[in-house]
Amino acid sequence: VSAITYSVEQGAGRATVALQGELDIAAVAELEPELERLERDALGLIVLDLRGLTFLDSSGIRMILAADARAREQGRRLALVPGPEPVHRIFELALLDRRLDFVPDPSSLDQA
Amino acid sequence: MKASRWTKVADWVAPARARLSAAGILAAIVGPGLVTALAPITSLEGKQGITALYLAAVVAATMIGGLWAGLLATALSLLGLDYFFVEPVHSFSTADKDALITGAVASLLAVIFIDRVQRRREALQRKAERAEEEMASRARRQEALANLGRIALTAAPRERLYGDVVSLVADALDVEFSSLLEVAPGGQEAIIRACVGWREGTLGAAVSTGPDSLAGYTLSRDEPVVIDDLRGDGRFADSPILQEHQVVSGVVVPISSAEGPFGLLSAMSRSRRRFTTDDVQFVRVAATMVGSAVQRGSAQDALREARDEFQALIEASPVPIVAYDRDGIVTLWNPAAERVFGWTAEEALGRLLPIVPEHMREEFDRLREAVLGGRSFSGFETTRRRKDGSAIEISVSNAPVRDAFGNVRGVVALDTDITERRRAERAIRESEEKLRLALEAAAVGWWDWNVATGEVLWSDNLEPIHGLPPGGFAGTFEGYLEHIHPDDREVFQEAVGRAISEASELDFEFRVIWPDASVHWMQGIGHVLPDENSKPVRMIGLGRDVTERKQREEALAFLAEASEALSRSLDYERTLREVARLAVPRLADCCVVDMIEEERSVHQLAVAHVDPDMEQLVRDLEQRYPTDPELATSPMGRALRTGQAELVSSLSDELLAEYARDEEHAAGLRQLRLASAMFVPLTARGRTSGVMAFLASSGRRYTPSDLSLAKDLARTAALAVDNARLYRQRSRVARTLQRSLLPPELPVIPGVEVAARYQAAGEGLEVGGDFYDLFEAEQRDWAVVIGDVCGKGVDAAAVTGLARHTIRAASMGEQSPSAVLRKLNDAVLRQYAQGTFCTVVCARLAEADAGRRAVLASGGHPLPFLLSAEGEARIVGTNGSLLGVFPDPELEDSELELDPGDVLVLYTDGLVEHYDQSLAAGEKRLAEILRESVGLGAEEIAAKIERSIQEIGSGSARDDIAFVVLRVLPA
């Protein structure tokens, strides 16, 4: 049973997925097919909003890395809104904050 | 004396003066005048003749006009005589004194004499008149009283009687006022009920009956009170009513009744009046008549009321009430009789009693004769007929009716219709019979216990229910207790005692022991019957054998308990032994569990028997004659081989002989006194892993429902066994694999203490992704590695293997940990296209001047802690990229000096995340633990960290946990 809830806001060539709760292996099993479905809609921008996350494990990292890899491959953009400090710390630990497209202020995307 | 004489003089004078009337004066003047005028023309000559004539005139005047007229006539006669006839004539000279004196004396004497005679006559006449008047008054009063008596005798309303009384009294006593008062209830006052003469508004007024009131005084004296003059009478307080009416005299008489003072009757006058004894007596008699009339009136009222009530009772009676005279002629026929028998009162009254049918005539006559003889009957049941000819069953109660002289003049009969009751009685008998049949069919018996005597009556069918022969029950409560299981006797008595003391229902289940020593469950339901003082005297109830239900309940409870035990633990051997233990004695007297081991050999896992000696015998027999699935005659073997359950409800000697391998086996089996048996295979997922045998001694026969229960149990047990075996298999594989990925034992590094721990997440059924390694890379140059592979299971195990071997290989040539990690990054990228990565910290320890010099690099892994000998704990190293994702990872070496006593702790994220979901908070907790560990050896520190994990609950760890502790030994 996953301890995650998420909401998808879609429109104008972009989708924002806001995650709430724990992104662990059970959550990945639920969320990954949804991400792939959004990718199939050929949207230019997918935003993963991690601000509501309370937990992230290596399965979550793997899912985000895989999505990022697919985005780069397919010429789309995967933007991440950083989660709270304990979650973001994991990205920092693995220097992923440097590699992934983190957007500290999601409103900046609107102007783009 | 003097006064009385003067009164007498006055008596004399007063009427005399009154009699000096016109006639008297005329007579006194005319008489002497006539004599004077006529004397000269008469033949009378001489003074004597004339004087005689004058005397006659005086006598006549006196007789007509009385004393004064006589004296006047005398005076006139003397003047006439002196002037006309005595010498000298025609002058008043008194020459002839003698003649004048003689005439005067004679005249005066005549006057006085005649007056006295006249007075006497008048007095006599007055007396006669007075007597006559008194007689008339008496007659009037008598008549008044007679009238009053007549009124009192009629049933006239009281108000009229009172009104008549006061009128009569006022008339008879010739007074202005009369009144009648009734003492009000409570006696504090009297109410004026009737009055004459009093002003309007007096009627109905209340008068005080206080001790100083006239009314109260009279009532308390209980005799007439006469008041001559109220103004001078000091006995009573002022009465407003009497004062207002200016009453002066009066008489008040109390009216008494049997109950005491009833009221007052009074006669009052405004003028001063002297009431005679007659007057008082009259009022008194009137009062007495009123009193007795009132009393009789009350008695008549009561009698009338009683008669009315009696009449109403007869009218309203639901029971026919009939009366008839000596000849059998009906004199009373109430509405209920009309209703029940059909004849109306008009039809029945005055005729012969119609309700007696011809064939009952003789019996009726006998009865009637007896009642006419003065006897009474009650509840005599017989048959009567209705008007429509139908028969009716009645219960007759007869009593004689007597006349005023006590002679029996008839019979009164109450004829209660008992047709309904008879029907109800029949219905009750029928329903009792039905109940008896129902009870017998349901194997339920009834009992009736007299609490006081201890006697118990019970239905015959309770005997077989208790295993007793007919008549085998002692019939007492004490006797019944003997049949109850000793363990239940006390609670049974408590339950019964409670039901009696609280007058509540009894519903109690207990065990009884049959004469054949078998134990049976009974249910007793009882109801307390109190006597009229609410004291419980009897208890009645039902009893039934609930052994089967009870066993079933116990079996179900046992099944639930066993299932719970089986699912609780993975140690199925222990659990099955427990289940076998639980099965005895609830499902069996003996339970045996045999399991097939992996080598197809059969292993006796559990034996339980109610009797420990017998249990040993079963063990011995099983040891000597182990279950053989290939042996066709062995029921245990058969169940193992075929997977089919077998029910042997009755285990005969022949069958036992068939099971036995040889004579000795047969003897052993016979010793067990088996009566019934069930053999149930433990089958799950198509695999039969064992067999359970349920064996019963005498007293229990297995039924198909027992078998289905046993099969339920076996299914649960088999699944538990299978699961446990699968689990063991998997966790054995996982453990084996994990072991292969970790160093079998830690190497000894000179001058450095080493300790490491690994704990798989959850149940440890899967290979974790954490690993650590410690090896000598170069001469006296040691490498320590800790890492975490993304994912779990076999895939993760493969990456772990790759990582370990790559690091070991790379460490041989390369010196820098970052270079080693770069090689690992390349290897993972090469081997696994996408989606797999790992994090690793790699450190190299070289000997330095005083301690060690360490170089370390992190590939996306949490950085190690350094705990200095001074107690400072800090994170060391530089973050680096995750390995296996990017072709150009950022990896950086960090160098640090380790002094003697310094401790380096490498760990996976599972450790800090176990402390707290937040990495930062988890790191803080680890730092705290380390600071508390200053001076401890590496192994002690590892143990301390392990304890801190367990304190939180190691089972709850959601990730693998691994850590390595290195401590540079003090020089």
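Is Thr36(B) buried or exposed? Let's start there, and bear in mind that everything I show today comes from a predicted model.

So, Thr36(B) has a relative accessibility of 16%, and because the cut-off for buried is under 20%, we call it buried. You'll find it in helix H2 of chain B, which runs over residues 22-38. Its side chain reaches back to the backbone oxygen of Pro32(B), at 2.8 Å. If you leave out residues up to four places away in sequence, Thr36(B) touches Tyr54(B), Gly80(B), Phe84(B) and Phe85(B).

Okay, on to charges. Side chains of opposite charge can pair when their charged atoms come close. Over all chains, a search of the whole structure turns up 50 salt bridges. I'll walk you through a few.

In chain A, have a look at Glu39(A) and Arg76(A): their closest N and O atoms are 3.9 Å apart, and they form a salt bridge. Glu39(A) is in helix H1 (residues 25-40), while Arg76(A) is in the loop between helix H2 (58-74) and strand S4 (77-81), so this pair ties together parts of chain A that are 37 residues apart in sequence. Glu39(A) is buried at 10% relative accessibility, and Arg76(A) is buried too, at 14%.

Now hop over to chain B. Arg138(B) and Asp278(B) meet in a salt bridge, 3.1 Å from N to O. Here the pair ties together parts that are 140 residues apart in sequence, since Arg138(B) sits in helix H4 (residues 97-153) and Asp278(B) in helix H8 (residues 277-316).

Another one in chain B: Asp722(B) and Arg685(B), with the closest N and O atoms 2.6 Å apart. Asp722(B) belongs to helix H22 (residues 704-741), and Arg685(B) to the loop between strand S20 (674-684) and strand S21 (687-697), so parts 37 residues apart in sequence are tied together. Asp722(B) is buried, at 8% relative accessibility, whereas Arg685(B) is partly exposed, at 48%.

There's also a network of salt bridges, linking Glu381(B), Glu393(B), Arg421(B), Arg422(B) and Glu425(B).

Next, the greasy parts. In soluble globular proteins, nonpolar side chains tend to be buried together. In this model, the largest nonpolar core has 59 residues, and Leu23(A), Phe91(A) and Ile945(B) have the most contacts inside it. H2(A) gives the largest share of this core, 6 residues. Leu23(A) has quite a list of neighbours, including Ile4(A), Val28(A), Leu53(A), Phe55(A) and Met63(A). Apart from that core lies another, of 47 residues, with Val785(B), Leu866(B), Ala962(B) and Val968(B) among them.

Last stop, where the two chains meet. How many residues does each chain bring to the contact? Chain A brings 22 and chain B brings 25. About 2100 Å² is buried between them, and carbon and sulfur atoms give 56% of that. On the chain A side, Phe55(A), Leu93(A) and Arg99(A) supply 33% of the area that chain A buries against chain B, more than any other three residues.

There are 4 salt bridges between chain A and chain B. Arg99(A) shows up here as well, in a salt bridge with Asp888(B) at 2.5 Å, N to O. Strand S3 (45-56), H2, helix H3 (85-93) and helix H4 (96-99) of chain A each supply at least two residues to the side touching chain B. That side divides into 11 nonpolar, 2 polar and 9 charged residues.

Definitions and conventions
Residues are numbered from 1 along each chain as its sequence is written. Chains are lettered from A and ligands numbered from 1 in the order in which they are written. This is a predicted model: local features need pLDDT of at least 70, side-chain atom pairs count only at pLDDT 80 or more; totals for chains, interfaces and linings use all residues. Side-chain values use heavy atoms; hydrogens and water are left out. Helices (H or I, at least four residues) and strands (E, at least two) are DSSP runs, numbered from the N terminus. Buried means under 20% relative accessible area, exposed over 50%, partly exposed in between (1.4 Å probe, protein chains only). A polar contact is a pair of N or O atoms within 3.5 Å; within protein, one must be able to donate a hydrogen and the other to accept it, and residues adjacent in sequence count only if both atoms are side-chain atoms. Contact means heavy atoms within 4.5 Å. A salt bridge is a side-chain nitrogen of Lys or Arg within 4 Å of a carboxyl oxygen of Asp or Glu. A nonpolar core is a set of buried Ala, Val, Leu, Ile, Met, Phe, Trp, Tyr and Cys residues joined through side-chain atoms within 4.5 Å. Buried area is the accessible area (1.4 Å probe) that two parts lose on being put together, summed over both. Ala, Val, Leu, Ile, Met, Phe, Trp, Tyr, Cys and Pro count as nonpolar, Asp, Glu, Lys and Arg as charged, and the others, Gly among them, as polar.
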